[in-house]
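I opened this entry to keep track of what I looked up, in the order I looked it up.

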Amino acid sequence: LKEMLPLVEGVLHVAPYSLTELQRELTVNLLQAANEGTNSLGAGPDEFYLLQRTRHVYSEASRVEEFVRICGADSNAATIAQLGSLMLASGESCRTQYDCSCAELDRLCEICLSAGAVGARLTGA
């Protein structure tokens, strides 16, 4: 996982991909999905933030592996702090790389942290 992100960052660009650009690069029909406005890759039907979404996916998978590793070790106060830090990093990635948060959820996480939580992030199905 750690090796994938630098590889992807060397291929994908930061600016959003246009539908035309994606159609040229991929062999799937994105035109119909974009016209329906149902894509989960960007802010609108004509913007696809592939690098940002990829950063989130790989970094989130890495955080999950680290979370599992930490949970398998001896538990102490430092363990809880490490898990909290991973949760915070996950929430930050959801907000900045995947754009799946909102001001209300961010505020709720802030309230939890100010009340003593060691970590907070959005979750959902």
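**Starting at Thr79**

I began with Thr79, which counts as buried at 6% relative accessibility. By buried I mean under 20% relative accessible area, with exposed over 50% and partly exposed in between (1.4 Å probe, protein chains only). The areas come from the Shrake-Rupley method with a 1.4 Å probe, and for residues only the protein chains shown count as cover. Thr79 sits in helix H5. Leaving aside neighbours within four places in sequence, I found Thr79 in contact with Ile70 and Asp74. Contact here means heavy atoms within 4.5 Å.

I noted the ground rules next. This is a predicted model, where local features need pLDDT of at least 70, side-chain atom pairs count only at pLDDT 80 or more, and totals for chains, interfaces and linings use all residues. Residues are numbered from 1 along each chain as its sequence is written, and side-chain values use heavy atoms, with hydrogens and water left out.

**The whole chain**

I counted six helices and zero strands. From the N terminus on, the order is α-α-α-α-α-α. Helices (H or I, at least four residues) and strands (E, at least two) are DSSP runs, numbered from the N terminus. Of the 125 residues in the protein, 30% are buried. The protein exposes about 8,000 Å², and carbon and sulfur atoms supply 59% of that area. Among contacts between residues at least 6 apart in sequence, 58% join residues at least 24 apart.

**Helix H5**

I went back to H5, which covers residues 77-96 and has 20 residues. From first C-alpha to last, H5 reaches 29 Å, close to the 28 Å expected at 1.5 Å a residue. The expected span is 1.5 Å times one less than the number of residues. At the start of H5, a side-chain oxygen of Asn76 comes to within 2.9 Å of the backbone nitrogen of Ala78.

Which residues of H5 are buried? I listed Thr79, Leu83, Gly84, Leu86, Ser90, Gly91, Ser93 and Cys94. The buried residues of H5 pack against helix H4 (50-71).

I then checked Ser90, also in H5. Ser90 is buried, with a relative accessible area of 3%. Its side chain makes a polar contact with the side chain of Arg121 (2.7 Å). A polar contact is a pair of N or O atoms within 3.5 Å; within protein, one must be able to donate a hydrogen and the other to accept it, and residues adjacent in sequence count only if both atoms are side-chain atoms. Beyond four places in sequence, Ser90 touches Glu60, Arg63 and Arg121.

**The largest nonpolar core**

I looked up the largest nonpolar core and found eight residues: Val8, Leu12, Tyr17, Leu19, Leu22, Phe48, Leu50 and Leu51. Helix H2 (19-25) and H4 each supply at least two residues of this core. Such a core is a set of buried Ala, Val, Leu, Ile, Met, Phe, Trp, Tyr and Cys residues joined through side-chain atoms within 4.5 Å. Not counting residues up to four places away in sequence, Leu51 touches Val8, Glu9, Leu12, His13 and Val14.

**Cysteines**

How many disulfides does the structure hold? I found zero. Cys100 is in none, and the nearest cysteine sulfur, that of Cys94, is 4.0 Å away. A disulfide is a pair of cysteine sulfur atoms within 2.5 Å. Cys100 is partly exposed, with a relative accessible area of 34%.
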